[in-house]
Amino acid sequence: MTPRLQLSGIRKAFGATQALGGVSLEVGPGEALAVIGENGAGKSTLMKVLSGAHSPDAGTMLLDGRPYSPADPLEARRCGVAMIYQELNLVQHLTVAENIVLGVEPGRWGWVNRRERRAQAVRVLAELQSGVDPDAPVSALTIAQQQLVEIARALVHEPRVLILDEPTSSLTGVDVEHLFGVLERLRQRGVSLLYISHFLEECQRVCTRFTVLRDGRTVGGGDLASTSLDQVIRWMVGREVKDLYPRTPHEIGAPVLALNALAGREKPRCARFSIRAGEIFGLFGLIGAGRTETLRTVFGLDPVRSGEVQLDGRSETSTTPARRLRAGVALLSEDRKREGLLLNRSIAENLLLTRLHPVSWCGFVRPQAERRTARSWMDQLEVRAQNEHQAIGELSGGNQQKVAFGRLLYHQARVLLLDEPTRGIDVGSKAAIYLRIGQAAAQGRAVVLVSSYIPELLGVCDTIGVMCRGEITAVRPVADWTEHALIAAAIGQSLDIPHA
Ligand SMILES: Nc1ncnc2c1ncn2[C@@H]1O[C@H](COP(=O)(O)OP(=O)(O)OP(=O)(O)O)[C@@H](O)[C@H]1O
Ligand SMILES: [Mg+2]
């Protein structure tokens, strides 16, 4: 049988960075291939070449045995290759149906039949069993629903190849299961899937085969069923990762931050917990439970409606982010693109921005000190880049996230508010981040860790609180939690159900 897709010797450089150094792969019709690799390995670049967003410097691509070289993403879609990017790309003020048919070719003589188009959108939405209203504005949808609209948008073109770049990073449990159901049906219809994820358990669920990229080259691959995850990790990292959740012994001291029935604009409705020096406090909940809003309200980004925030026992409820930073409270935002990083500035500038005095003299930045400090942080956090002057926007997703995290540590905050700090981070670098979190606690810093990844919460935290519909419903020491109990609490069930 002719393979659906054959890539051979694909190369792509960005200036001095050889992002792809000769990658080859093959996917059959109805086959799902996992594309795995560390941050900066070249996964997204390869998929962007395939989907027409980048043109390769060398190599050939065959689609159903015929030469394929799309000039842009639209042409790729017309050829049957659609990509769902990690960041959602919907037009917020248009309706669901309008978004889905954007870019569908008009009929003869440029005639756009609106009714027919809407019908097309409705058909695809029904096929996905999405329950999304085709006439709702996209801005009114949850992230999970928007993700489904993205998929619907890819499906109107009847793709033969569907590429998904970390599609579950903004989904939780039920929505992930729904997505997997959709993908399985597509596969049975003969659609080929290319699936990128740092969650290897997911790759095992969705895919049968895998290929591993390292430094822009294919270094291995095989059957997922007959390969252990440890082996896959070894291919990826090039060494053994012994401890995925390294723990640093730390002592818990006096209370630092306390929330007393804190209510924000809409959420949180009632947040109540306190966290002590040297404590790692996990916050679990479904998407939309109000975890992000709680951190934003504490940090002074969102207004406080009622209730109180105490710092070191003093009421300090109304504030601004600048005042919080001065008081040693720092936030790692979930949305690093919008409110975290300055994309066209260098790695060094982004790392050191909020605390310049150690690298300055008389108000001037000392270039050598700046370079040395930035270098040392890049090494500690395994940031992969040309050098410390490279613009942040040119780094891979995971490497951008590492810089955003490093800035908080460099700031020497006493209270670290971390919103999904390991999103998009590869397995090996995750361990490096947990190590830093543990060390911060050992230095007496208080850490709030918002996460949707349960193994990480159970592996890293001292205490875990669960939010459900804007309220903190349970706070317990980590030893008293199980995965099952966390999920039950997050969906608002009683906590005393027996374990499965
Ligand atoms: N527009 C660009 N300009 C310069 N360099 C780039 C650009 N896009 C990607 N790169 C570089 O190419 C390399 C591969 O990046 P890519 O985004 O493909 O990695 P990735 O495997 O998707 O990583 P991640 O898991 O972090 O998303 C990186 O070194 C990155 O810095
Ligand atoms: Mg990527």
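How many residues of helix α9 (residues 291-299) are buried? Nine of its nine residues are buried, and the helix is mostly covered, where a residue is called buried if 20 or more other C-beta atoms lie within 10 Å of its own, exposed if 12 or fewer, and partly exposed in between, with C-beta atoms placed from the backbone.

## Basis of the model

This is a predicted model, in which local features need pLDDT of at least 70 and side-chain atom pairs count only at pLDDT 80 or more, while totals for chains, interfaces and linings use all residues. Residues are numbered from 1 along each chain as its sequence is written, and chains are lettered from A and ligands numbered from 1 in the order in which they are written.

## Domains and their contact

The domain assignment gives domain 1 (5-237) and domain 2 (255-490), with bounds that come from an automatic or database assignment. The C-alpha centres of domain 1 and domain 2 lie 30 Å apart. Their contact takes 20 residues from domain 1 and 19 residues from domain 2, two residues being in contact if their C-beta atoms, placed from the backbone, lie within 7 Å.

On the side of domain 1 that touches domain 2, the elements that give two or more residues are α5 and α8 (229-237), and the largest share, three residues, comes from α8. Helices (H or I, at least four residues) and strands (E, at least two) are DSSP runs, numbered from the N terminus. By class, this side of domain 1 has seven nonpolar, 11 polar and two charged residues; Ala, Val, Leu, Ile, Met, Phe, Trp, Tyr, Cys and Pro count as nonpolar, Asp, Glu, Lys and Arg as charged, and the others, Gly among them, as polar.

## The shell around ligand 1

Around ligand 1 there are 20 residues, of which F14, A19, S44, S396 and G398 come nearest; a residue is near a molecule if its C-beta atom, placed from the backbone, lies within 6 Å of it. Two or more residues of this shell are given by each of β2 (17-27), α1 (43-50) and α14 (397-410). Both domain 1 (5-237) and domain 2 (255-490) supply at least three residues to the shell, and by class its residues divide into four nonpolar, 12 polar and four charged.

Strand β2 also holds G22, which counts as partly exposed because it has 14 C-beta neighbours inside 10 Å. Leaving aside neighbours within four places in sequence, G22 is in contact with G9, I10, R11 and R217. From C-alpha to C-alpha, G22 and D57 are 9.9 Å apart in space, although 35 residues separate them in sequence.

In helix α14, 13 of the 14 residues are buried, so the helix is largely enclosed by the rest of the structure. At 1.5 Å a residue, its 14 residues should span 20 Å, and the end C-alpha atoms are 20 Å apart, which agrees; the expected span is 1.5 Å times one less than the number of residues. After α14 comes Q412, whose phi is positive, near 60 degrees.

The buried residues of α9 include R291, E293 and R296, together with L295, V298 and F299. Just after α9, G300 takes a positive phi of about 90 degrees.

## Nonpolar cores

The largest nonpolar core has 69 residues, among which I347, L416, L417, V447, V448 and L449 touch the most other members. A nonpolar core is a set of buried Ala, Val, Leu, Ile, Met, Phe, Trp, Tyr and Cys residues joined through C-beta atoms within 7 Å. The largest share of this core, six residues, comes from α15. A second, separate core of 61 residues includes L63, I100, Y195 and L213.

Not counting residues up to four places away in sequence, I347 touches A374, M378, V383, A385, E388, Q390, I392 and V403.

## Backbone exceptions

Most residues other than glycine have a negative phi, and most peptide bonds are trans. E158, in the loop between α5 (143-155) and β7 (161-165), has a positive phi near 50 degrees, and this residue is exposed because 12 other C-beta atoms lie within 10 Å. E420, in the loop between β19 (415-419) and α15 (427-442), likewise has a positive phi near 50 degrees, but E420 counts as buried, with 23 C-beta neighbours inside 10 Å.

The peptide bond from K267 to P268 is cis, with omega near -5 degrees, and P268 is found in the loop between β11 (255-263) and β12 (271-276).
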